[in-house]
Amino acid sequence: CHRPPARRAGEFFQDFHNVLHTIQGGAATSFAQRRLLFLEETFRLHRHLNSDKEFLTQKACPHRDFYNVRKVDTHVHHTACMNQKHP
């Protein structure tokens, strides 16, 4: 296994500062925001177009268990966690 030569701490921090300066710039931030919005809308479209197919696939699975359930009920009451030892 070939390891790259160790760099000095000063070089590392200079590179780190350059990366931080680049990502804090307006152009990078606006590009990232537009890209995230695009990906989110693409995923919503994917879910909309494939939700029926996914539902039917899950219903057709004869061995439904914890790893391939469609929905998990996470509604928990705090009172259910307490007993007489916890006033």
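Predicted model: local features only at pLDDT ≥ 70, side-chain atom pairs only at ≥ 80, totals over all residues.
Biologist: How do you know that the length of helix α2 agrees with its residue count?

Modeller: Helix α2 covers residues 26-60, which is 35 residues.

Biologist: Where does α2 bend?

Modeller: The bend is at Asn50, and it comes to about 55°.

Biologist: How many helices and strands does the protein have?

Modeller: It has two helices and zero strands.

Biologist: How much of the protein counts as buried?

Modeller: Of its 87 residues, 3% do. Buried means under 20% relative accessible area. The accessible surface comes to about 9100 Å². Carbon and sulfur atoms hold 61% of that surface.

Biologist: Now the aromatic rings. How many aromatic pairs are there?

Modeller: The structure has two. One joins Phe12 and Phe13.

Biologist: What makes the pair of Phe12 and Phe13 edge-to-face?

Modeller: Two values decide. The ring centres are 5.2 Å apart, and pairing needs centres within 6.5 Å. The planes stand at 75°, and over 60 counts as edge-to-face. Therefore Phe12 and Phe13 are an edge-to-face pair.

Biologist: Why is the pair of Phe12 and Phe16 called stacked?

Modeller: The centres are 6.1 Å apart, with 10° between the planes. The limits are within 6.5 Å for a pair and under 30 degrees for stacking.

Biologist: How are Phe12 and Phe16 placed in helix α1?

Modeller: They are four residues apart in α1, residues 9-23, so about one helical turn separates them. An α-helix has 3.6 residues a turn, so residues three or four places apart point the same way.

Biologist: Which residues form the aromatic cluster?

Modeller: Phe12, Phe13 and Phe16 form one cluster.

Biologist: Why is Phe13 called exposed, and why is Phe12 called partly exposed?

Modeller: Phe13 has 52%, so Phe13 is exposed. Phe12 has 47%, so Phe12 is partly exposed. Phe16, at 42%, is partly exposed too.

Biologist: Which residues form the nonpolar patch on the surface?

Modeller: Phe12, Phe13, Phe16, Val19, Leu20 and Ile23 form that patch. Together they have about 590 Å² of accessible area.

Biologist: On to charges. How many salt bridges are counted?

Modeller: The count is two. Side chains of opposite charge can pair when their charged atoms come close.

Biologist: What makes Arg44 and Glu40 a salt bridge?

Modeller: Their closest N and O atoms are 2.9 Å apart. The cut-off is within 4 Å, so Arg44 and Glu40 qualify. Both lie in helix α2, four residues apart, about one turn of the helix.

Biologist: How do you know that Glu41 and Arg44 form a salt bridge?

Modeller: Their closest N and O atoms are 3.0 Å apart. That is within 4 Å, so Glu41 and Arg44 form a salt bridge. Glu41 and Arg44 are three residues apart in helix α2, so about one helical turn separates them.

Biologist: What joins Glu40, Glu41 and Arg44 into one network?

Modeller: Salt bridges that share partners do.

Biologist: Are the residues Glu40, Glu41 and Arg44 buried, exposed or partly exposed?

Modeller: Arg44 has a relative accessible area of 41%, so Arg44 is partly exposed. Glu40, at 37%, is partly exposed. Glu41, at 45%, also counts as partly exposed.

Notes
Residues numbered from 1 in each chain as written. Heavy atoms only, no water. Phe/Tyr/Trp six-rings, centres within 6.5 Å; stacked < 30°, edge-to-face > 60°. Buried < 20%, exposed > 50% of the residue type's maximum accessible area, 1.4 Å probe, protein only. Expected span 1.5 Å × (residues − 1). Bend = angle between axes of the 7 residues up to and from the residue. Areas by Shrake-Rupley, 256 points an atom, 1.4 Å probe, with all protein chains shown as cover. Patch = residues over 30% accessible without salt bridge, like charges linked within 9 Å, V, L, I, M, F, W, Y side chains within 5 Å. Salt bridge = Lys/Arg side-chain N within 4 Å of Asp/Glu carboxyl O.
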